[in-house]
Amino acid sequence: MTAHGHKQLGEVLVELRNVCKSYGRGDKYTEALRGINLTIREGEFVALLGPSGCGKSTLLRIIAGLIGATSGEVLYRGKPLRGVNPNTTIVFQSFALYPWLTVQENVEAALEPLGVPRLERTKRALKLIDHVGLDGFETAYPRELSGGMRQKVGFARAMAVEPELLCLDEPFSSLDVLSAESLRGELMELWLSGGIPTKAILMVSHNIEEAVFMADRLVIMDKNPGHIVAELNNTLPHPRRRKEKAFLAMVDQVYGQIVGRTRTEAEELGSAPGEPGATRALPPAPISAISGMLERVNEELTNKIDIYRLADEFVDDYDEILPIIEAAELLGFVNVEAGDLSLTPLGQAFAEGSIQARKEIFAARVKRVPLIRWILTMLKAQPDQRLSWDVFIAALSREFPPEVAERQLDTAVDWGRYAELFSYDNSDNTIFIETEHPVPQSAVPVSEHPTSES
Ligand code: ADP
Ligand code: MG
């Protein structure tokens, strides 16, 4: 142990070299991981963060040897991994216990296949049941336990096996806030005090604070296909306190990595369907959410807010704030830097504008978005300036999976309608160009009325 409660780094346990993984073939083909390089050493607690679908669980399963990589090398202690990795155990989000066995028997059951003698099994089980805070519940059955307690049994069972590498796949996300926090505490205590022989921990999390609280290194992933975007070392001393400045600064830094990707405008906006280059998918963010967010940032004297605080106020899960921020950034309303979201002058004008001013600002921006431009061009080419929804879906489906194509068009219509560029006709399932006459204000759906102006 070092002065700040960190463990000394030792030998390399896991090494992934250019690992790729795809599932299925033909139209079921999914590229889940591409070009993953990752090293985990003894003494490290590594967290994997990223949006759902970026291949975090796939990565754990490859390291545990439950599935093979499609290409690339998977080394454990320098040797190519073949078949199930006997040195790792995965704890899943919700652990399946044998309902007919008691807590103690459930933990012991994991040791039987390993040939651990009976007395030793009992000894280890009792010790771990105590360690995870279940002392006194040895003879209880799973149905008598709360969800949090059952997950503790799951942890005890995983740790009883004494894996060298403990893999955790969102282990706290099915628990209520209090149970999750207490179990995190117990695990950190065990890990840092050397109460378990585990040499390294790899934890998948969707919770930035949790990752900053526990891990020494944060590996940030993104999807389509799953790849590593950044790795950040977290040297905050243990025990970590969530309210401390340094802790919050670290959380900010991680948010910055996740949200703030600086690209040129052309790269940012992408191309339209049919043009060369990748069509930029519109972030699925409704106008009401974008304007609500801009108003909130505008309430700050500095026109700037911690994304972490914003997410806390607005959504349950940081994943949900990302499309809203991305949309606002795409439209030029905000800048993202080091975990802070700040309004651009345009964003401020929008937040403070009347409904009509907002619509104009929005329309000017949204016309620059290639997907919207493309829809307008297609509509203008028609004699009645009208085209069926399905025609657009068919065109979009060449570049996006069907459900993404639908979502793209939904978002485009939501934005186009607000900007009074085009609208959707329910009666014949068509998209059409709005007439020159402005929509009377009473016809604007309630959700689009900014609360400050009512
Ligand atoms: P995460 O854990 O980050 O949410 P996953 O590893 O579960 O991501 O999934 C990554 C991608 O691989 C997703 O697109 C998912 O649909 C796909 N995928 C995962 N498991 C399978 C499977 N067994 N068969 C086909 N596709 C899969
Ligand atoms: Mg997963």
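**Surface patch.** I looked for nonpolar surface and found a patch of about 280 Å², made by Leu66, Val84 and Phe92. The model I am reading is a predicted one. I then placed Leu66, which sits in the loop between α1 (56-63) and β4 (71-76). I logged Leu66 as partly exposed because its relative accessibility is 47%.

I listed the contacts of Trp415, leaving aside its neighbours within four places in sequence.

**Cysteines.** How many disulfides are there? I counted zero. I checked Cys20: the closest cysteine sulfur to its own is that of Cys54, 15 Å away, which is too far for a bond, since a disulfide needs the two sulfur atoms within 2.5 Å. Cys167 is in no disulfide either, and the nearest cysteine sulfur, again that of Cys54, is 15 Å away. Is Cys167 buried or exposed? I put Cys167 down as buried, because its relative accessibility is 0%.

**Cis peptide bonds.** I noted that the peptide bond from Asn224 to Pro225 is cis, with omega near -15°. Pro225 belongs to the loop between β9 (217-222) and β10 (227-233). I noted a cis bond from His238 to Pro239 as well, with omega near -10°. Pro239 is in the loop between β10 and α7 (245-259).

**Positive phi.** I looked at two asparagines here. Asn18 is not a glycine, yet it has a positive phi of about 50°. I located Asn18 in strand β1 (residues 12-23). With a relative accessibility of 45%, Asn18 counts as partly exposed. Asn429, also not a glycine, has a positive phi of about 60°. I found Asn429 in the loop between β15 (422-425) and β16 (430-433).

How values were computed
Residues are numbered from 1 along each chain as its sequence is written. Chains are lettered from A and ligands numbered from 1 in the order in which they are written. This is a predicted model: local features need pLDDT of at least 70, side-chain atom pairs count only at pLDDT 80 or more; totals for chains, interfaces and linings use all residues. Side-chain values use heavy atoms; hydrogens and water are left out. Patches are made of residues with over 30% relative accessible area and no salt bridge: like charges are joined within 9 Å, nonpolar side chains (Val, Leu, Ile, Met, Phe, Trp, Tyr) within 5 Å. Accessible areas come from the Shrake-Rupley method with a 1.4 Å probe; for residues, only the protein chains shown count as cover. A salt bridge is a side-chain nitrogen of Lys or Arg within 4 Å of a carboxyl oxygen of Asp or Glu. Helices (H or I, at least four residues) and strands (E, at least two) are DSSP runs, numbered from the N terminus. Buried means under 20% relative accessible area, exposed over 50%, partly exposed in between (1.4 Å probe, protein chains only). Contact means heavy atoms within 4.5 Å.
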